[in-house]
Each structure stands twice: as C-alpha cells, then as structure tokens.
Amino acid sequence: METGWMHNRRQRQVLVFFVLLSLSGAGAELGPYSTVEETERGSFVANLGKDLGLGLTEMSSRGARIISQGNKQHLQLKIQTGDLLINEKLDREELCGPIEPCILHFQVLMEKPLEIFQAELRVIDINDHSPVFTEKEMVLKIPENSPLGITFPLNYAVDLDLGSNNVQNYKISPSSHFRVLTRELRDGRKYPELVLDKELDREEEPQLRLTLTALDGGSPPRSGTTQVRIEVVDINDNAPEFEQPIYKVQIPENSPLGSLVATVSARDLDSGANGRISYTLFQPSEDTSKTLEVNPMTGEIRLRKQLDFETTMSYEVDIKATDGGGLSGKCTLLLQVVDVNDNPPQVTMSALTSPIPENSPEIVVAVFSVSDPDSGNNGKTISSIKEDLPFLLKPSVKNFYTLVTERALDREAKPEYNITITVIDMGTPRLQTEYNVTVQISDVNDNVPAFTQSSYTLFVRENNSPALHIGSVSATDRDSGTNAQVTYSLLPPQDPHLPLASLVSINADNGHLFALRSLDYESLQAFEFRVGATDRGSPALSSEALVRVLVLDANDNSPFVLYPLQNGSAPCTELVPRAAEPGYLVTKVVAVDGDSGQNAWLSFQLLKATEPGLFGVWAHNGEVRTARLLSERDAAKHRLLVLVKDNGEPPRSATATLHVLLVDGFSQPYLPLPEAAPTQAQADSLTVYLVVALASVSSLFLFSVLLFVAVRLCRRSRAASVGGCSVPEGPFPGHLVDVSGTGTLSQSYQYEVCLAGASGTNEFKFLKPILPNIQDQSPVPEMKENSNFRNDFGFSIQLK
C-alpha cells in the first residue's frame, strides 16, 4: 500500500512539474492535417506519435488523448499505434456550410505530464451534390421591342459543394433568339443571364420555351435543369431604376421580430400598368428568405426571424423591382448583424482528478477550457474562484486553465471542497457562468490515536471470577478507513516484578479489559500498567494511556483473636479479687481482622457465662469488666464465651473463651483448700489482705489518673501529626488502650490497635510496661521488646 501511494505521489509530482513547464512551452501546433469528406469511419489521417516524436509506450504512459471544442469526437486516437483515425463520417456541408476552407480544430492532451498541442484538420470537399434550381419553371415577360443584346437575369442554381465542385457555368437548349451568359456575384456565386440575339415578334411567336442547364466543375461534372418560359409582351420601354444600387444597413442581433431593416425605392418613367412597381427578394437563399421579407408595395424590408450574430454575421440579398410591363431593376442590400452580449461563457472540463491525497504539495486538480461565441469584448472572459479556497487558477494556452492546490490539504480539517469556477465576459451587460467542481481529499495516516482519558481508574472487588470484565479503554483516530482502525495492546510493565500477563488481558478490537484470575486484596491492593493504541495505517501510529486498577476489599477474613490465645494449649486464667468494684477490668479480648474498612470493624458480645450478669463485655473495645459487686456466694471459677464479629456483609465472627478465677487477694493465685487453720493465722492473713488491697486500690487510682492524663496528651499529639497508627474510617477509630495491672495481668501495659483499610501497615503494637510488678504471673506469652509478629492474614504484631 505504501509503495502504491508513493508511486501515485511521484506521478502527481511529475505531472505538476510538466504543467508548470508547459505554461511557457505548451501550445505547439501539429499538422495541419487533411481528409476528404465522407471518408469511412476508422480511416487513417496521420501518425501523431511520429509527429510528436514519441514512442508507442510513451504515448500510452503519458495518457495521450484527443479533445475538441464542445466534446464532439470527430477523431479518435489509437493509443496502441499512435494513429489519428476518423471517428465518424464527416460531411463538410454540415460542418462548415458555405465556409471555405473547412477547418476542424482539436487538441492533443498529454496528462502525465500535462502538455497540450493545438492541431487542425481540413475537410476537403468532394463533388457529392448536384446543382438544383429553386423553381421548376421560370417565366419571363419580354417586350417585343426589346433591343438586341439586352440581358435578363435568371435564377441561379444552388450547389452545396464549394470551389470547383460548385456551379461553374450555364447553358440553354438551342435557340435562334437567345443565348446564355454566366455571371458572378460578389460572393462568388454564378448566375445565368439570358441575352437577346434576335428581335422578337409577338405575332409570329408569342411564347418560347427553353431548357436551362447548370453544370458544376466536378469530375465527372454534375448538372441540374429547369424550364424557362418566355412570354413576349407589348412594348414597355422603361425599366424600374432604384435610387441607389447598394443599401448598407447595420442592425443589432437582438432586434425584435418585425423590426424595419431598410426601405428600398425604385421609379419607372412609364405610366399606367407599365409604371406600377412591385418589390421582391431576388434569388434569396433559404436562410435569407426565412429571415427577411419585403413589402411588395412599399419596399420596406423587415425581420421574419430572430438574428444570431454567432450563426450569420451578415446578409447580402438582391432586391428586384418589376413594373407592370415586366421590366425589372435590381439593387443589393448589405445587412451587417451587430453583435450583442447574449451568450454566457461556456466551460468545458477536460480533466478532473478526485480524490487527491492530503499533505501533498501542489497538485493539478482539473484542466478546463473557456469559450464565448460572442465577438470583441463580448467574447473576452475572466475566470476566478473564491479567495478563501486553498486552490489557484493558472492560465494555460488558448483559453485553457489549470486548477491546482495552493498548499498541502488536511482531510481532517475538511474532507471535501465544492469549488465554483466563475467565468465572466467583458461585454455590456456582463454575463457569467458558474461551473461547480467537487474535490474530495483522500486520507493519509497523519493522526495518532487519542485516548478519551490520559489515565483510567478501574475498580474490581477481590475474589472475582476469572475472565471478569473490569472496564474498558477507548481511543479514537481522526483518520479514516484502515488508518482509523485502532488495535489495543498491553505494554510491558515498568515494574518487572508485576506479573501483568497473568493478571489482566485486553481485547485488541474494542479495548475491553478482563481480570485473568481471582484477585486478593490482602495480597495486592492496587497495580497499574500502560495500554497502547495502534492504528492500521502505514506507517502505523500509536499512543498509550495509564490504567490503574484498585482492588476492593471483600469480607473474606474472619476476626482472629490475639488474646487470649485460642491455640488449644492450657487455658489462661484471669484472677479477679472478690473485693473488686463494679466495672473492674478483668481482661481485654484483643482481635484483628485481615480485611479493611468496615469489614475490619470489630464488635464484641458476651455469648455465654457461667453466671449471667456477673461480667460484661464492652462492645467496641472487648474489655471484660465486672458488672456488680462480688460476694462470697459467687462461684470461684467462671467460664466466659465472647463473640467477636466484624461489620462486613455478611458478617464473619470468631469466639474467645475466658477462664476467670475469683480470689481473695493477689498473693493467692488459687483458693486454699478447706483445711483447719488456727484462728489467729486467719486473722493475720485477713489483715495482710486488707492492707495489700487498700494499697493496691490507692496505687491503682493514682496510676489511673496519671494514665488518663497521658492518654489525653497522646491523643492530642496524634491529632496534630499522624503518628504510628493511621486512623481508619468508620465508628471504630484506632486508639491507644490502657490495661492496668489488675486481674491476672501482672504488669500494666499499653497496646495500640490499627485497623485501617488504607493504612500503610496493619500491625498490633505492644508498648513497654508502665509499672512493673514484683511478681510476673501474667498468662500472656513472653514477648521480647520491639519484636514483630505477623499472622497468616498479613497483619503484624510489634512489641515495644
């Protein structure tokens, strides 16, 4: 496709070069050539290839052809041999009428490159018409006293042939009284005159009949005959005489019918019937008789038919005045038709190229000629097109013009031009002709595909089904055809570790994107890649866009209980003093969820307890506290079942089992066996317990106040600048939880829970103990300072 386009482009460039070259050198003439009329179709006239100096291959490659005015194809060019042949029988009389020589003008057009040669063909007359008299019988009334040698003009014979093939002489049948002479008119026509050689005697011979023969000069000659009847009349010795022998008149061609052309006048010295004159047109041609008429009484000559300067520029007619005695006189009317501007210019399109390729330099779009049958300024023309069009009109030879592009065209800006060629003549009033040319612009691949967006963001929920349609990209190309057909493809990822080929695929035809496998939000939250759009032009053009895929979380992870551990090992027992007040913090159930957002918002609920109403669980933070005062009647061992549920849809849950042991003091991890003991020992022990409990409560109160102040200051500091734990959305913000050294927790500690779907790390952080106790009896597994642990759900535990 590219090779063909470049070839056409070179051809057009060569054509433009030769057009420009031909502006100065074109117009050479060929011939002249000649042929005899009535020659059979296909007859040889000349070999144009030899006359032009071109070979047969060059004639064909240059696109030689014959054009003529009015697109009348009288001739044809046989491109295989370069011969100029007759395309149809030529009738010289039909083509040229009385005009001699009969010349047919034509042009030889070379399209590649453009070159025009003027040529003419002369049609030679043959003797194919016989002389014909307009009257079968002519009547002459001749006075008997006519002097010898008097002449009587007779009607001439009409022969459509010209030159020597026209009427050359006349002869009559043998007569003792008359002989015939051949005379010639101004226009070359020959007519007979009858000469009286012997006096007439009406009483002896009142009437004579002669045969008049007209002969042309052909070989062999052709002839025509008519009868002449001569009536001998009495004496009328004065013939009519015109006031002037020649009347010269000019009349505009647009004169209305019935217009007065001229008035002729003759006088006769005779009286009576011999002095009465009547006027007639003498031997008018068929066209003249249809155009002019004469009043036989007044001699007024008027128009019978509309004049046309382009058809007949002048008329010459003889006016005959005949008196009542048969004598006649003759004058000549020379009528000159004055041209008026009544013909608009004519445009003949010889060559038109459409469509033309865009982005090309100057190209010849059309070749046309302009003609106007009027004369003088009425026939001079000016051609133009609108100035806002990217085209130029350049004159060539003999009223030929070329329409060329002014600059390279852009199909995307305008795919089609409607060009109106306006031709105006210089007559008064000016007449104009408009010729419309439609030029289409063919497409060249000069536009890059353009994406509707520079970047696309697509959302897909995790755990999707394979081959899921996740979105589309779209690009458009301002070109047309195959140049506008876009193919989509995935470009190599910038991150070499991203397995793009196993994640997504794209439909090359429509840009639809599909997820090839199920995505896991916990493993991959987002990824991005580039998509290319390439057209099918030659050469192909392409562009690219960025596609960002965000994986949406689904509630596919159940809460995981971090504390107390539910690993099937020995249960962890929480110790609660019987002297604990209502709301005493027994322990805290700590759980995490591998999901994000509301799927990771956890709530806690007490499902089952050994003694309902004794303990309660805070729904938002999992703290297990006493609901009322403990008494001696309460059982020592209690088992609590806590439900941990996320906020997903549908929700997922997990359970944690707590073992609580009620003790009298922190020094006794377990209740003593009911053995007999001394009363004093029991009293001493009770005193120690009371002292320790009082000290513990006081310390706990003071510690709680300090810890509350510290926590408030810490929250304000995080609000000012986001710290190690990002705040998630929703009703369960990440916060710092304080656990005092009560119950079975032997150390006071702080931990921070971060449950944010968009946080940088999902970590559970333990902080250093605040006030270490003497005895380390915490059931929490030993954890090293600043240690990190990560579960199977992608969350980490950081101990500090």
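These legends describe close-up views of a predicted model.

**View 1. Phe391 and Tyr417 form an edge-to-face aromatic pair.**
The model holds seven aromatic pairs. In the one shown here, the ring centres of Phe391 and Tyr417 lie 5.4 Å apart. Their planes meet at 80°, over the 60 degrees required, so the pair is edge-to-face. The two residues come from distant parts of the chain, 26 residues apart. Phe391 belongs to strand 30 (residues 391–395), and Tyr417 to strand 32 (residues 416–425). Phe391 has a relative accessible area of 3%. For Tyr417 the value is 9%. Buried means under 20%, so Phe391 is buried, and so is Tyr417.

**View 2. Phe451 and Tyr456 pair edge-to-face.**
The centres of the Phe451 and Tyr456 rings are 6.4 Å apart. The planes stand at 75°, which makes this pair edge-to-face. Both Phe451 and Tyr456 are buried.

**View 3. The largest nonpolar core has 26 residues.**
Phe451, Val473, Phe529 and Val547 have the most contacts inside this core. Several elements give two or more residues to it, among them strand 35 (455–461), strand 38 (486–490) and helix 6 (500–503). Strand 41 (526–535) and strand 42 (542–552) are also on that list. In soluble globular proteins, nonpolar side chains tend to be buried together.

**View 4. Phe529 touches residues from elsewhere in the sequence.**
Residues up to four places away in sequence are not counted here. The contacts of Phe529 include Leu490, Leu500, Val504 and Leu513. Phe529 also touches Ala545, Leu546, Val547 and Val549. Of these partners, Val547 is itself among the core residues with the most contacts.

**View 5. Arg625 lies over the face of Trp618.**
The distance to the ring centre of Trp618 is 4.7 Å.

**View 6. Strand 2 pairs with strand 5 in the antiparallel sense.**
Strand 5 covers residues 83–86. Three bridges join strand 5 to strand 2. At one of the paired positions, Phe44 has Leu85 of strand 5 as its bridge partner.

Definitions and conventions: Residues numbered from 1 in each chain as written. Predicted model: local features only at pLDDT ≥ 70, side-chain atom pairs only at ≥ 80, totals over all residues. Heavy atoms only, no water. Phe/Tyr/Trp six-rings, centres within 6.5 Å; stacked < 30°, edge-to-face > 60°. Helix = DSSP H or I, 4+ residues; strand = E, 2+ residues; numbered from the N terminus. Buried < 20%, exposed > 50% of the residue type's maximum accessible area, 1.4 Å probe, protein only. Lys NZ or Arg CZ within 6 Å of the ring centre and 35° of its normal. Pairing = 2+ DSSP bridges. Core = buried A, V, L, I, M, F, W, Y, C linked by side-chain atoms within 4.5 Å. Contact = heavy atoms within 4.5 Å.
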